[in-house]
Amino acid sequence: MRPLRLGDYPDGALRYLTRAQVIECCDAVDLVHVVEDALRMHARGEVLLPSEAYLGWRTEDGSPARSLAMPGGLRYDDGPALGVKVMNGSLANRARGVARAEGLLLLFDSETAWPTTLMEAAYISAMRTAAVTAVTAAHLGAPDLDRLAVIGCGTLARAHLSLLAETLPGLTTVSLYDSDARRAKQLADELRCEPDFRLEVVEAADVRGCVRDARLVVPVTTTTDGYIAYDWLEPGTIVAHVSLDDALPEVLDRADVVLVDDWGLVSEDSRRLIGRQFRAGMVRAADGSYHPDCAPVEGARRIDGTIGDVLVGRHQGRRTPDDTVLSNPFGMSILDVAVGHAVTRVASERAIGTSLGR
């Protein structure tokens with residue numbers, strides 16, 4: 001059979017950025033500012049945010065694995081930024097000695113819809129997650145926020161520590177805990193050897209000891225069993241719940257302020273505490289509505305709103321210094337696209353990346 005001639009597909013180039021090149025470009029970008037701007041745009045309705053596609057399976061040893069496809073777009077003044085992140089992960093990777101997750105971010109031309117830039121996504125994904133925590137803590141943290149607790153000592157822990165130490169000047173101490181004590185010690189040793197890392201590093205003997213006295217608690221684990229109890233938390237603590245299921249339902253019920261990044265995404269996800277509680281009638285949306293298929297529970301917790309609502313002044317956020325705040329972001333694709341858009345600008349200005357023929 002003769003090959004099909006596609007005359008209406010002229011030769012063109014696709015820019016590819018490796019992980020090292022993505023990191024080089026990110027070093028020239030204010031990631032916290034980019035993410036905060038995207039959260040504000042989300043609150044103002046200036047984004048495109050469809051549901052993610054989730055593919056889950058089991059590896060040969062029975063470990064959970066999954067692939068996520070997350071499209072999104074933002075309407076900037078100089079034109080839209082559009083893209084999709086594909087992020088894959090396997091819990092068995094830890095035993096293999098490799099990172100749990102890896103992926104790619106693909107950006108599109110808004111007129112032709114053709115792909116324009118392809119880049120490694122794991123670094124961007126980790127840093128935008130940490131940037132959300134930095135923004136949340138900056139706007140909702142207690143005035144005397146000085147001690148940070150990080151539970152889980154993998155890639156996301158490193159990302160958070162690199163940003164939070166820079167963006168929260170009041171921080172003096174970080175307490176680390178991991179169910180694998182060797183990982184906590186390795187991270188602690190690395191941090192102590194970094195000449196520019198200014199925080200005192202404490203290795204906690206147990207998870208409750210890690211949380212004790214912390215005013216910012218960041219669980220970055222893969223657990224599906226809650227363990228953080230409300231009475232572990234000091235008055236005024238903010239729990240940046242970026243992983244799935246670390247907080248017990250009582251934290252959700254009793255926190256003074258509960259915020260998400262996007263209610264539609266969080267409420268649809270049955271793998272997360274808030275999504276499950278919403279389906280059970282024990283959580284209500286910010287407008288007071290219940291899940292349409294649930295039996296409403298009288299006095300069910302009402303979500304306060306989104307992080308973006310606080311940024312644009314739609315919600316006051318923390319009311320008193322002693323308020324306990326639970327932030328439970330889903331992890332929106334628009335944040336990856338926003339960071340990828342900024343990275344692409346730097347790459348273009350500096351001629352970074354490899355041109356791939358079509």
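**A walk around helix α2**

Of the 358 residues in this chain, 53% count as buried. The model you are looking at is a predicted one. Its secondary structure comes to 12 helices and 18 strands. With a radius of gyration of 21 Å, close to the 21 Å that the globule rule gives for 358 residues, the chain is as compact as a globular protein of that length. The C-alpha trace spans about 70 × 55 × 45 Å along its principal axes. Among contacts with a separation of 6 or more, 64% come from residues 24 or more positions apart.

Now let us turn to helix packing. Two packed helices are described by the angle between their axes and by the distance between those axes. Find helix α2, residues 31-43, and then helix α12, residues 333-350: their axes come within 9 Å and cross at roughly 130 degrees. The two helices are therefore oblique to each other, and the crossing is right-handed. From α2, the contact is made by Leu31, Val34, Val35, Ala38, Leu39 and His42, while α12 brings Ile334, Leu335, Ala338, Val339 and Ala342. By class, this contact has 10 nonpolar residues, one polar residue and no charged ones.

Helix α2 also meets helix α4, residues 122-140, where the axes come within 9 Å and cross at roughly 75 degrees. That makes α2 roughly perpendicular to α4. Here α2 makes the contact through Leu31, Val32, Val35, Glu36, Leu39 and Arg40, and α4 through Met127, Arg128, Ala131, Val132, Ala134, Val135 and His139. Sorted by class, the contact of α2 with α4 has nine nonpolar, one polar and three charged residues.

Key:
Residues are numbered from 1 along each chain as its sequence is written. This is a predicted model: local features need pLDDT of at least 70, side-chain atom pairs count only at pLDDT 80 or more; totals for chains, interfaces and linings use all residues. Side-chain values use heavy atoms; hydrogens and water are left out. Axes are lines fitted to C-alpha atoms, for helices over the stretch in contact, and angles run from 0 to 180 degrees between N-to-C directions. Helices (H or I, at least four residues) and strands (E, at least two) are DSSP runs, numbered from the N terminus. Angles under 35 degrees count as roughly parallel, over 145 as roughly antiparallel, 65 to 115 as roughly perpendicular and the rest as oblique. A crossing is left-handed if the near helix is turned anticlockwise from the far one by less than a right angle, and right-handed if clockwise. Contact means heavy atoms within 4.5 Å. Ala, Val, Leu, Ile, Met, Phe, Trp, Tyr, Cys and Pro count as nonpolar, Asp, Glu, Lys and Arg as charged, and the others, Gly among them, as polar. The radius of gyration is taken over C-alpha atoms; the globule rule is 2.2 Å times the number of residues to the power 0.38. Buried means under 20% relative accessible area, exposed over 50%, partly exposed in between (1.4 Å probe, protein chains only).
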